[in-house]
Amino acid sequence: MSSETPDQTGARIRAVADRFFAAVEAGDIEGVKQCYHPDVVIWHNIDGLEKSRETNLQTLAGFVKRAPERRYLERRVDLVAGGFVQQHVVRAVRHDGFVLTMPACVICKVEGEQITRLDEYFDTAALTGWFDVG
């Protein structure tokens with residue numbers, strides 16, 4: 001049984017969420033890695049596949065390279081038992097100025113200071129043109 005109060009648990013989980021999204025915005029791949037448990041499972045609705053930390057970090061590195069500017073806007077974070085749900089709008093700008101604006105939702109399970117599972121939902125229609133050039 002945890003010695004944390006519910007307020008302490010909530011503060012810890014919010015801190016993990018804040019640290020994770022700040023690292024993604026900053027393009028800090030090592031920071032993201034530290035937020036993930038070594039055995040984290042990452043799932044996206046677009047392919048339905050469970051991916052490893054290393055695979056996700058490679059994908060994220062490609063995203064950072066393609067989009068030097070990344071922001072998570074309109075963040076709404078709700079705590080749930082053992083983790084959090086965040087709804088947000090991803091705004092990313094490619095080198096050539098193309099802007100991606102994509103509503104998304106992330107559901108994360110958190111143990112200690114790390115994310116053990118991340119499920120991300122977004123509509124691929126927002127990606128139209130994103131991979132064309134850039």
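Where is the place of Arg-94? Arg-94 sits in the loop between S4 and S5, with helices (H or I, at least four residues) and strands (E, at least two) taken as DSSP runs numbered from the N terminus. Keep in mind that this is a predicted model, where local features need pLDDT of at least 70, side-chain atom pairs count only at pLDDT 80 or more, and totals for chains, interfaces and linings use all residues. Residues are numbered from 1 along each chain as its sequence is written, and side-chain values use heavy atoms, leaving out hydrogens and water.

**The loop arginine**
- Arg-94 counts as buried because its relative accessible area is 5%; the cut-offs are under 20% for buried, over 50% for exposed and partly exposed in between (1.4 Å probe, protein chains only).
- Its side chain makes a polar contact with the side chain of Asp-96 at 2.9 Å. Such a contact is a pair of N or O atoms within 3.5 Å; within protein, one must be able to donate a hydrogen and the other to accept it, and residues adjacent in sequence count only if both atoms are side-chain atoms.

**The nonpolar core**
- The largest nonpolar core holds 33 residues, meaning buried Ala, Val, Leu, Ile, Met, Phe, Trp, Tyr and Cys joined through side-chain atoms within 4.5 Å.
- Among those with the most contacts inside this core are Phe-20, Tyr-36 and Phe-84.
- H1 gives the largest share of this core, seven residues.
- Setting aside neighbours within four places in sequence, Phe-20 is in contact (heavy atoms within 4.5 Å) with Val-32, Cys-35, Tyr-36, Ile-115 and Leu-118.

**Aromatic rings**
- The whole structure has four aromatic pairs: rings of Phe, Tyr and Trp (its six-membered ring) with centres within 6.5 Å, called stacked under 30 degrees between planes, edge-to-face over 60 and tilted for the rest.
- Phe-20 and Tyr-36 make a tilted pair, 5.5 Å centre to centre with 45 degrees between the planes.
- That pair ties helix H1 to strand S1, across 16 residues.
- Both partners are buried: Phe-20 at 5% relative accessible area, Tyr-36 at 2%.
- Ring pairs also join Phe-20, Phe-21, Tyr-36 and Tyr-72 into a cluster.

**The largest pocket**
- A pocket is an open set of points on a 1 Å grid over the protein atoms alone, where a 1.4 Å probe fits, with protein on both sides within 12 Å along at least five of seven lines; lining residues have an atom within 4 Å of a point.
- The largest pocket is lined by 28 residues, with His-44, Thr-59, Phe-63, Glu-120 and Phe-122 nearest its centre.
- H3 supplies the largest share of that lining, seven residues.
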